[in-house]
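Open the model in a viewer and keep the sequence panel beside it. The stops below go one selection at a time.

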Amino acid sequence: MISNCGHDENNRYRGGAAGDQTGKEWEIIPWYNRPWNVVLRFTDDKIANMIADMAEACAKNNNIGYDQDQRYTFWYALKAAGFDPSKINQLCEADCSSGVSAIVKATGYRLGVSKLKAISIYTYSGNIKNVLQKAGANLLTDKKYLTSDQYLKRGDILVLENHHVAINITTGPKAEDSQNDSEKIPGWVQSGKDWYYRVKPGVNQHGFAIINHHKYYFDSTGKMLKGWYQVNGEWYYAQPDGELEGAMYHTDSRGAQAIWNL
């Protein structure tokens, strides 16, 4: 089951009245294949369970509705209610991404987690993956997480970038089988066409790094760069695709270009 904030009382995205007029603007519904392209998982059970608890409370509180034009009013109502959505007593609105980001931010306040408290209320579906990863969430992109709820855990966040975000509130029967998938540390993690290198839970490699005898560069979000790119005014080139994608080139003593083997 997922907590889903998806449309207003007129089955539209904007223009409705504040609050949930039908009980279905923000509701608990069965998992469905949107399709999703990434799952974000906080491995700290306290964080994950609180995210799920708050997502359930939001769906049950009909003072919270859906409207993209008033999407930030939910955060201010949540803050005024002591970060407890069950206690919101004023009519307010969210959309899918502002609702999820507000819930995760409020979780930071309730548990005293600085990275979560720092999440912007202006987060949207196009950047929420990077925002939550920076805040400590692990990226899960294997097909089994995206096409079924069998491997999902309570508190997992489902994302279709630039389209939709929802929160999973039940743990699938095969979820324990997937526990180690997000704990391959250190190791490579793929999200869409981008690669990251996880050095510890929730933390990606940044800057230059030597991995398996090859040199790589990771930007401020942890994304591995490839092709031509500039760092501190200097130009570098890395393998754009293939088995050694991202591996940096250098000029040897003869002036020839070759991938570094360190």
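Start with Cys 92, which is buried at 2% relative accessibility. The model is a predicted one. Cys 92 takes part in no disulfide, and the nearest cysteine sulfur, that of Cys 58, lies 8.2 Å away. Show both side chains and draw the distance between their sulfurs to see this gap of 8.2 Å.

Next select Cys 96. How far is its sulfur from the closest cysteine sulfur? The distance is 7.2 Å, to Cys 5, which is too far for a bond, because a disulfide requires the two sulfur atoms to be within 2.5 Å. Cys 96 is also buried, at 9% relative accessibility. By the 2.5 Å rule, the disulfide count is 0.

**Backbone stops**

As background, most residues other than glycine have a negative phi, and most peptide bonds are trans.

Select Arg 34 and Pro 35. The peptide bond from Arg 34 to Pro 35 is cis, with omega near 10 degrees. Pro 35 sits in the loop that runs between strand S2 (26–29) and strand S3 (38–41).

Move on to Phe 83, in the loop between helix H2 (73–80) and strand S5 (92–94). Phe 83 is not a glycine, yet its phi is positive, at about 65 degrees. Is Phe 83 buried or exposed? Its relative accessible area is 14%, so Phe 83 counts as buried.

Then select Asn 162, in the loop between strand S7 (157–160) and strand S8 (164–168). Asn 162 is another non-glycine residue with a positive phi, here about 70 degrees. With a relative accessible area of 55%, Asn 162 is exposed, whereas Phe 83 is buried.

**A buried lysine**

The last stop is Lys 129, in helix H5 (residues 128–134). Lys 129 has 4% relative accessibility and therefore counts as buried, since the cut-off for that label is under 20%.

Which residues does Lys 129 touch, leaving aside those up to four places away in sequence? Show Val 38, Leu 40, Leu 139, Glu 161, Ser 191, Asp 194 and Tyr 196 around Lys 129 to display these contacts.

Conventions. Residues numbered from 1 in each chain as written. Predicted model: local features only at pLDDT ≥ 70, side-chain atom pairs only at ≥ 80, totals over all residues. Heavy atoms only, no water. Buried < 20%, exposed > 50% of the residue type's maximum accessible area, 1.4 Å probe, protein only. Helix = DSSP H or I, 4+ residues; strand = E, 2+ residues; numbered from the N terminus. Contact = heavy atoms within 4.5 Å.
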